[in-house]
Amino acid sequence: DIAKARHRIAYDELLLCQLAVMVSKIRRTGGPAAFSVKITEEIDRRIRKRFPFELSPGQNRAIADIRRDLAQTKPMNRLLQADVGAGKTAVAVYAALGAIANKKQVALAAPTEVLAQQHFQKITKYLADSRVRISYLRGSVSRSVRAVTLGRLKSGDVDFAIGTHALFEKDVVFRNLGLVIVDEQHRFGVRQRGQLYSKGVAPHRLSLTATP
């Protein structure tokens with residue numbers, strides 16, 4: 001009887017969890033339509049030229065899935081999982097540049113200033129001499145510097161915003177946010193991620209993790 005009771009309780013818990021996921025999905029897909037990001041062969045060629053290496057078969061498979069999702073009017077909600085050093089950032093940059101080529105802003109959030117700074121430096125190198133306008137927002141900056149950055153985000157003078165939890169603050173306003181990338185997404189709360197998603201109209205979502 002104990003084994004049967006435990007089985008029933010486990011079943012009930014799993015059923016409730018699955019129903020909650022389904023309700024969340026219905027609410028998400030039943031909301032405003034996302035912007036369809038079209039990545040043409042010319043855009044694809046230009047993006048790939050930015051990388052100082054050939055993308056791996058695994059990266060290309062992930063990119064193909066992401067391209068199909070971004071082309072839809074249903075907001076993408078994809079998790080990209082790979083080991084540390086496998087090249088998740090390059091895939092994320094590909095998605096970001098696709099959105100930027102379609103006149104959309106992109107936000108990339110990292111859980112620590114060290115990681116956010118690493119992303120900023122790496123992505124800046126990828127986009128050297130490009131017309132993509134990048135900004136780095138973190139908590140430990142002066143009010144004057146922060147005000148300038150917030151003004152550029154709101155006016156649309158920033159294409160690619162990289163930062164920490166500072167991106168979630170209420171005074172951070174985007175003009176045309178189309179894609180949100182969250183690195184190490186398990187280190188952010190559901191509400192925190194929701195605050196960032198709410199800064200755009202049904203933005204596409206890409207989460208990165210090395211932790212299955």
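This is a predicted model: local features need pLDDT of at least 70, side-chain atom pairs count only at pLDDT 80 or more; totals for chains, interfaces and linings use all residues.
Which residue in β6 is the bridge partner of Val182? In β6, that partner is Ser207.

- Two packed helices are described by the angle between their axes and the distance between the axes.
- Here, helix α3 (residues 57-70) packs with helix α4 (residues 88-101) at an angle of about 30 degrees, and their axes are 10 Å apart.
- Angles under 35 degrees count as roughly parallel, and α3 and α4 are therefore roughly parallel to each other.
- The crossing in which α3 passes α4 is right-handed.
- On the α3 side, the contact is made by Gln59, Ala62, Ile63, Ile66, Arg67 and Leu70, which meet Ala90, Val91, Tyr94 and Ala95 in α4.
- Sorted by class, this contact of α3 with α4 holds eight nonpolar residues, one polar residue and one charged residue.

**Strand β5 and its partners**

- Strand β5 covers residues 177-183, and seven of its seven residues are buried, so β5 is largely enclosed by the rest of the structure.
- β5 pairs with strand β2 (residues 105-109) in the parallel sense, over five bridges.
- Within that pairing, Leu108 has Ile181 in β5 as its bridge partner.
- β5 is also joined to strand β6 (residues 204-209) by five bridges, and these two strands run parallel.
- That brings us back to Val182, whose bridge partner in β6 is Ser207.

How values were computed
Residues are numbered from 1 along each chain as its sequence is written. Side-chain values use heavy atoms; hydrogens and water are left out. Axes are lines fitted to C-alpha atoms, for helices over the stretch in contact, and angles run from 0 to 180 degrees between N-to-C directions. Helices (H or I, at least four residues) and strands (E, at least two) are DSSP runs, numbered from the N terminus. Angles under 35 degrees count as roughly parallel, over 145 as roughly antiparallel, 65 to 115 as roughly perpendicular and the rest as oblique. A crossing is left-handed if the near helix is turned anticlockwise from the far one by less than a right angle, and right-handed if clockwise. Contact means heavy atoms within 4.5 Å. Ala, Val, Leu, Ile, Met, Phe, Trp, Tyr, Cys and Pro count as nonpolar, Asp, Glu, Lys and Arg as charged, and the others, Gly among them, as polar. Buried means under 20% relative accessible area, exposed over 50%, partly exposed in between (1.4 Å probe, protein chains only). Two strands pair if DSSP finds at least two bridges between them.
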